[in-house]
Amino acid sequence: MSLRPGAPGVTPRGPFLHPALFYRDDEEYLAGTVPFVRAGRAAGEPVAVAVPGRRLGLLRDALGATAREVTWLDMAEAGRNPGRIIPGVLRDFADRHPGGRVRIIGEPIWPGRTAAEYPACAQHEALINLAFAGRGASILCPYDESGLDPVALADARATHPVVIDRRGERASADYAPHRVIRAYNRPLPEPRGAVAMRFDLDALPRLREFACRWTAAHGLGADAVGDMELAVSELAANSCLHGGGAGTARFWAEDGQVVCEVADAGTITDPLAGRRPADMSPHGGRGILLVHHLADLVRVHTGPGGTATRVYLRTRTTGRPAPR
């Protein structure tokens with residue numbers, strides 16, 4: 001598998017390119033990523049690499065001196081909440097280089113992603129196509145064939161218009177990003193042991209106080225308690241303004257995380273709500289954007305019957321990147 005300057009996948013054929021790179025080992029990973037980076041730098045394009053953990057060092061070492069010309073991000077940290085990746089990683093980098101093409105390697109799905117995280121990951125990959133439509137950018141997304149579930153590989157073919165593997169490059173016959181967005185907009189599983197609280201506008205101070213007391217009692221430090229208070233406040237205020245004037249908040253703990261769900265009677269009609277930079281959201285979405293930056297994971301189910309948004313914070317964390 002090789003991507004050479006001038007070969008398919010390297011020379012842009014349209015404003016936005018979003019190929020999936022399927023690899024089985026380090027050799028195939030480097031064969032697909034190193035030429036992609038080198039070709040971008042040869043063309044004068046700004047390049048960013050956002051991949052998890054060990055892959056950062058592997059690719060940096062393989063690039064040699066070219067590595068100094070690349071922006072590096074650990075996706076396991078910067079993108080641990082998939083809803084943060086478009087505004088906080090991809091758009092952040094692209095918007096800092098206006099007026100020309102940018103080139104990004106982004107690996108948001110890797111072995112070790114949890115079952116709770118995966119639906120948000122798949123939706124993220126589908127939404128990239130909407131977020132960058134018509135924009136001069138190439139975003140290459142590697143997928144570990146040897147370590148990922150077949151469902152993830154099938155979803156990759158549905159969320160990427162082009163697939164690259166050891167057999168070469170080809171258009172994906174399964175490309176259907178809107179189908180993936182709909183498929184993972186599913187009712188969220190019922191929690192165990194949740195504590196519920198109804199709220200309206202007058203009850204917001206009481207809800208914020210309860211969120212602080214509850215999360216502190218379940219192992220969150222002062223900074224994380226503040227994050228949960230702010231996230232709950234933003235979601236509940238949005239419910240009061242846009243979700244019928246009231247809602248229900250539920251709190252529980254699961255798998256080393258504390259979770260709050262805010263549910264109301266509203267419906268989210270914009271699939272990119274909360275995933276645009278704040279200055280690009282004149283009609284709302286800033287609240288959920290902030291929530292994405294605060295949380296370790298955000299899950300949403302929306303439809304005619306209402307919207308439920310779940311915010312997950314780890315009880316033990318190594319810290320989070322500052323909102324961009």
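Q: How do you know that the crossing of helix 1 and helix 2 is right-handed?
A: A crossing is right-handed if the near helix is turned clockwise from the far one by less than a right angle, and left-handed if anticlockwise; the crossing of helix 1 and helix 2 is right-handed. The model is predicted, so local features need pLDDT of at least 70 and side-chain atom pairs count only at pLDDT 80 or more, while totals for chains, interfaces and linings use all residues. Residues are numbered from 1 along each chain as its sequence is written, and side-chain values use heavy atoms, with hydrogens and water left out.

Q: Why is helix 1 called oblique to helix 2?
A: Helix 1 (residues 26-42) and helix 2 (residues 54-63) pack at an angle of about 60°, with their axes 10 Å apart. That angle makes helix 1 oblique to helix 2, since under 35 degrees counts as roughly parallel, over 145 as roughly antiparallel, 65 to 115 as roughly perpendicular and the rest as oblique.

Q: What makes the pair of F16 and F132 stacked?
A: Rings pair if their centres lie within 6.5 Å, and planes under 30 degrees apart count as stacked, over 60 as edge-to-face and the rest as tilted. The ring centres of F16 and F132 are 5.6 Å apart and their planes lie at 20°, so the pair is stacked.

Q: What makes the pair of Y23 and Y29 edge-to-face?
A: The planes of Y23 and Y29 are at 75°, with 4.8 Å centre to centre, and the pair is edge-to-face.

Q: Why is Y29 called buried?
A: Buried means under 20% relative accessible area (exposed is over 50%, partly exposed in between; 1.4 Å probe, protein chains only), and Y29 has 0%, so Y29 is buried.

Note on methods:
Axes are lines fitted to C-alpha atoms, for helices over the stretch in contact, and angles run from 0 to 180 degrees between N-to-C directions. Helices (H or I, at least four residues) and strands (E, at least two) are DSSP runs, numbered from the N terminus. Rings of Phe, Tyr and Trp (its six-membered ring) pair if their centres lie within 6.5 Å; planes under 30 degrees apart count as stacked, over 60 as edge-to-face and the rest as tilted.
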